[in-house]
Amino acid sequence: MSSKRVLIIGGGIAGQAAAESIREHDQDASITMICGEPRLPYDRVRLSEILVDGSSADTLALRPAEWYEDQRVETITGAWVIAVDSDARTITLADGRELSYDALVLATGSVPLMPPIPGIDLPGVHAFRGPEDCEQIRVAASRPGVRAVVIGGGLLGLEAARGIVAQGAPVTVVHLVDRLMERQLDAAAAGLLVPKFAEMGVSVELERATDQIFSRPSGAVAGLNFADGESLDADLVVVSIGIRPELTLAREAGVELDRGIVVDDTMATSLPGIWALGECAQHDGIVHGLVAPIHDQARVLGETLTGAGAARYRGSTPSAKLKVAGIDLVSIGHAEGDSEVISSDTAAGVYRKLVVRDGRAAGAVLLGDIRGHEALLAEITAAAEVEDPLGRLAEAAVATPADLPDDAQICNCNGVCKGQLVSAVVEDGCNTPLEVMSRTRAGTGCGSCKPAVIEIVQSAGGGANEPAYLCACAKQTREQLAARIREDGLQSVSDVSGACGTGRECGACKPALAYLVSEVNDNRHREERHARFINDRVHANIQNDGTFSVVPRMYGGVTSPDELRRIADAAEKYNVRMVKVTGGQRIDLLGVDKEDLPAIWRDLGMPSGHAYAKAVRTVKTCVGRDFCRFGIGDSVKLGIDLEHAWEGLYTPAKVKGGVSGCPRNCAEATVKDIGVVAVEGGWQVRVGGAAGANVREADILTTVETRAEALRISTVFLQYYRENADYKERAYDFVPRIGLEEIRAVVEDETRAGELLERFRIAKAAAFDPWLERDEPYHERQFSDLDDVELVGPPAGGER
């Protein structure tokens, strides 16, 4: 019997959810997903993140490319479907290809609603819908003196405004009605929201009807004209007034339409063999524009399309969360009703409201204090009876996620309920929050539900005394993978992924795997930069506004007048927003644009300080005996020697060192990952100190007589840490886990210490200054914000 041929038109969240649900219920189905955009499905909900910081669209990927291969889901990207023949059960692509199907899923999504006003197509006017929009908006907002306007004060409009102001441009939000987010908020909550945005640099003008977008003589946008005769100057206009379902294909195919594609409780359309879900679908008169209903619909579609069950879709409770840093806002269900209870503190910007209709929970608005929103969502979804609304609102504030019913939705991004999390622990054998998140996808979207996921997993019995998996999806430890890399001579992340399946399910472990591959191969590996974090791809630390921090290396905290002049000149030349002396005795240049990174490195003429990486950062020193009357050891010389010996080496987590020239410890060596303190008769070597969120005095590893011996012992420990620590495990966690006596036995064993030093030397010999990529970049677009892409087919079409 041949397998069922399923075609999914649309490569967005809905198309991805449909593919996963279908595959869950039918392992034999032939699934093909056709994506209108030139990339695999990504999380559009998190689009504002790349508008803020300029990250690649790749960071929003819903699944790594390997997942589609492993799950046998064929993807056709940058392709547009131009015709559907429901009688012949075929579709035709824009390039002329014809594909047949047994079941067709329409997940064509929506397109941005652009008002039919003069000037809407002027240069400088943008929608806010995809990565290309984000890139164009960021570039425009970064120009000096730009005045930006966002038309639309809904959820996406406010997120767009936050992204623009992060680039340093003043922003005005103009909104047609009398309050922001009128679909989700009542007047009181919306009123409290305005000053919160004003604090960020976003002004708001309400009841503004835009009649025209006018231009300069050059043709570029110059501002807005309003219906009341007033105007507002603008060099950048972003339109975010809503979306409309993309119905072109459905209309041509003859599917019944209203405001969307009409579907029944099984998500089937009016035509046999065709289903629909997501923003293009209309169920019971409602078209949902949020993510949570997509997953509800996909669960039903997967069962009914494959014949695996008889699930029915009964609608979803709308729930929205504003993703703007510094503002906590959740809206659930109805914002107003015949009975309302409110708890507020205007001065603190806190507003909590529960809406009751006919004695049952019907909605909630939480601003400034969103505690208990999971519990309220569960009760509103269930239309639970509420006898004491004010008491219930107070109870929700102290409720814990572990107290929720099993059908309470915890992760809106991926539609995961509490019961699924518990089942992953109790039935599937997941033992840690990371494993549960990998299996269920909870917490892997915007991340706001991670604390709730962790608490639920721990309450279900997971998280204690279990191995730390490097790849939680495949339950592979660091030790297992390191052994396989050595035995099979694996040279790259792709090699390990192909041989072991590591990182193919969710891809979250790829940065850890990239480090492991480089460490086991002593830096003689095949680099695959896509597996690294953005900081490691461009060798600078990304800031909250999308610019970067540049920290040149200053060995032991010592510099020269010539270096200081170059730093000052570079700071002025590249309009650095702040020049900051760091706690590690270096100088940080903050606010450098990505495209300027190679040039500023060249002008500085100093090596990378690796302030952005999991690597050896600094070795802090005091002035030592050459200047200090209390100094008994040459701390500056030893600190410089240590930093020269270690620079350029990547480590499981950042490593900070310190050398103090006497027990007064002015370099704070006793709270460093590796610290050395001059004492009478020699040097005391300490390891595992901390002075961050937790403070830990470093353990005394040994005391030696000479500076050279202190350098040797410290380096042996560093290499032992490099080879045995888990990814992201700082030395202050590593030392107690392994045990000081075990570490001491290693460094004092001449044979083992010699072997560690030999591997250290090999790795060090292969290390290089990453800032030299200014002249020989890893790839030609390394320091550009976004790769060039070419859209195939019509210029609009949402997820088609």
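Lys475 is partly exposed, with a relative accessible area of 31%; on this scale buried is under 20%, exposed is over 50%, and partly exposed is in between, using a 1.4 Å probe and protein chains only. Lys475 sits in the loop between β28 (469–471) and β29 (476–477). Strands here are DSSP runs of E with at least two residues, helices are runs of H or I with at least four, and both are numbered from the N terminus. The phi of Lys475 is near 55 degrees, a positive value in a residue other than glycine. Most residues other than glycine have a negative phi.

Before I go on, the conditions. This is a predicted model, in which local features need pLDDT of at least 70 and side-chain atom pairs count only at pLDDT 80 or more, while totals for chains, interfaces and linings use all residues. Residues are numbered from 1 along each chain as its sequence is written, and side-chain values use heavy atoms, with hydrogens and water left out.

Glu207 also has a positive phi, about 50 degrees, although it is not a glycine. Glu207 lies in the loop between β12 (202–205) and β13 (210–215). At 59% relative accessibility, Glu207 counts as exposed.

Next, salt bridges. How many salt bridges does the structure hold? The count is 54, where a salt bridge is a side-chain nitrogen of Lys or Arg within 4 Å of a carboxyl oxygen of Asp or Glu.

Take Arg39 and Glu37 to begin with. Their closest N and O atoms are 3.2 Å apart. Arg39 is buried at a relative accessible area of 14%, and Glu37 is buried at 16%. The pair belongs to a network of salt bridges that links Glu37, Arg39, Arg44 and Glu132.

Then there is Glu505 with Arg63, where the closest N and O atoms are 3.4 Å apart. Glu505 is partly exposed at 28% relative accessibility, whereas Arg63 is buried at 5%.

The last pair is Arg352 and Asp369, with the closest N and O atoms 3.7 Å apart. Here Arg352 is in strand β24 (residues 350–357) and Asp369 is in the loop between β25 (360–367) and α9 (373–381), so the pair ties together parts that are 17 residues apart in sequence.

Strand β23 (residues 339–345) and β24 run antiparallel and are joined by seven bridges; two strands pair if DSSP finds at least two bridges between them. Ser339 has Val356 of β24 as its bridge partner. The two strands, β23 and β24, form a hairpin with four residues between them, and Gly349 in the turn has a positive phi of about 75 degrees.

Another sheet is open, with three strands in the order β4-β5-β6 and antiparallel pairing. Which are the edge strands? They are β4 (81–85) and β6 (98–100), each of which pairs on one side only. On average, neighbouring strands of this sheet are turned by 20 degrees against each other, direction ignored. Four bridges pair β4 with strand β5 (residues 90–93), and Val81 has Leu93 of β5 as its bridge partner.

Now a helix pair. Two packed helices are described by the angle between their axes and the distance between the axes. Helix α12 (residues 433–440) packs against helix α13 (residues 450–459) at an angle of about 115 degrees, with the axes 9 Å apart. The axes are lines fitted to C-alpha atoms, for helices over the stretch in contact, and angles run from 0 to 180 degrees between N-to-C directions. That makes α12 roughly perpendicular to α13, since angles of 65 to 115 degrees count as roughly perpendicular, under 35 as roughly parallel, over 145 as roughly antiparallel and the rest as oblique. The contact (heavy atoms within 4.5 Å) is made by Pro433, Val436 and Met437 of α12 and by Lys450, Val453, Ile454 and Val457 of α13.
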